[in-house]
Amino acid sequence: MSDLENRMSESRTLEYKEDLTKSYLKTVSAFANYDGGSIIFGVRDNGEAIGIENPEKLRLSVENQINDNIRPRPRYLLEQYEEEGKALVELKVEAGLQPPYYYQKKAYTRNDTSTIEVSDYELNDLILKGRNLTYDKLPSPNQNLTFNKLTDTFQNETNNTLSTNDLPAILGLYTSGSGYNNAGLLFSDQNRFPGIRIVKFGKDENTIWLRRDLENISIIEMMENALETYRQQYQPEKIEGAKRIIKPMIPEESYREAVANALVHRNWAIDAPILIKMYPDKITISSPGALVEGVEPDAYLRGAMSKFRNPVIGWIFLRLGYVEGLSTGVMRINAPYANACQKPEFEFLSNALVITLPVLNDTPHLTSEQNQIYQLFKTNRELSLKEIQKLTGFSSSVARSNTNFLVQNNILERVGGGPKTRYRERTMR
């Protein structure tokens, strides 16, 4: 028996229906294609139970409609129970093992509480999932490939003397039955997949200082050239005494991991390059494609990645030392910013993952009082001095002096003036 009080709001895996209309079959398709879910009949959108007049008839209709309209047939369970004295029917749909599941020749997904048709890219991913394949394992359209760059890099990084002829098969880029796969094309000297576009801006996006397209080269060379461009732009030399010292403006470890993450996890079926935007105070790295199916943003940020989107590429990057493992990427990006005020940001879009790496400023160490004030602005866009006092419990003088310190060190900024003065975190531009 279900407890509606524990699930009052509709969600990605829960939908309410007042009565039986065939529109629910789209949601059956969506649940079967992804994470499964429940549809409860006899409940309004707001969670109010109104009941079903003839639950036995509804159950029979649902069973017949699913069996007649969803292909392939998903696994599901129908349960009948009473809530507040009213009869309800719950349809539990399991996540399917043979996607895509179609309703009227269309496949569906859930977008928060809505059901929508999948995009072409999502449909392609579902087809691959149903065949237990990944895009990098599909046969390459070009079978005349050479691997000079891969061979040289592999020998240098691993001290392995495998020949150019042997290496593709050993690394999973070639099989005798299917020939070279898409991963083989990406690592080859003849790679024609979309590469990396790097744009360096001046004071605003109308001022472009540098534009560089890394394409028609092995993704190993893309990785190397992206690092070279970063070093030229964000690793100035400073003379201290008789020494030349390089002081990176943005940690190389963070940038390197973010670029490797983009190459390993991007959706290569999307005909668009990885976009790296370089600004005076930050770098953004935009990787085409949403998170790999089955990985939620919170899990990603915790380092709980369960699989590579492109396992062949990921395994080779592991062998070369470009990445360390599934669960260490976010940690390696964040680690150099442990004592910094501004941290890397991760934005999860429907068609891209965007990572922002801020420039490390020479910010002084914050006292506990200063840090407590600073942390308020992680959940509050703007605050007045009185609001800061109330939230921290500090006296007026302590709140004012520490807030002024944060302003003077470009951590916070003032908005307005006089009695209406408010404060907010200084944003990256």
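I went to the second largest cavity and read off a volume of about 90 Å³. A caution to myself: the model is predicted.

Which residues come closest to the centre of that cavity? I noted His265, Ala290, Leu291, Val292 and Leu353, out of 12 residues that form the lining.

I then checked how many cavities of 30 Å³ or more the whole structure holds, and the search returned three. A reminder to myself on the idea behind such a search: a probe the size of a water molecule is rolled over the atoms, and this shows where empty space is left.

Stepping back, I counted secondary structure and got 14 helices and 20 strands in the protein. I looked up the extent too: along the principal axes, the C-alpha atoms fill a box of roughly 90 × 75 × 35 Å.

On burial, I wrote down that 45% of the 429 residues are buried. For contacts with a separation of 6 or more, I found that 63% join residues 24 or more positions apart.

The surface was my next stop: the accessible area is about 22,000 Å², and carbon and sulfur atoms account for 45% of that.

Last entry, charges. I have 52 positive and 55 negative ones, and their mean positions lie 5 Å apart.

How values were computed:
Residues numbered from 1 in each chain as written. Predicted model: local features only at pLDDT ≥ 70, side-chain atom pairs only at ≥ 80, totals over all residues. Heavy atoms only, no water. Helix = DSSP H or I, 4+ residues; strand = E, 2+ residues; numbered from the N terminus. Buried < 20%, exposed > 50% of the residue type's maximum accessible area, 1.4 Å probe, protein only. Contact = heavy atoms within 4.5 Å. Areas by Shrake-Rupley, 256 points an atom, 1.4 Å probe, with all protein chains shown as cover. Lys, Arg positive; Asp, Glu negative; His and termini not counted. Charge placed at Lys NZ, Arg CZ, Asp CG, Glu CD. 1 Å grid on protein atoms, 1.4 Å probe; cavity = no way out; pocket = protein on both sides within 12 Å on 5 of 7 lines; lining within 4 Å. Points joined across faces, edges and corners; volume = space filled by probe spheres on them.
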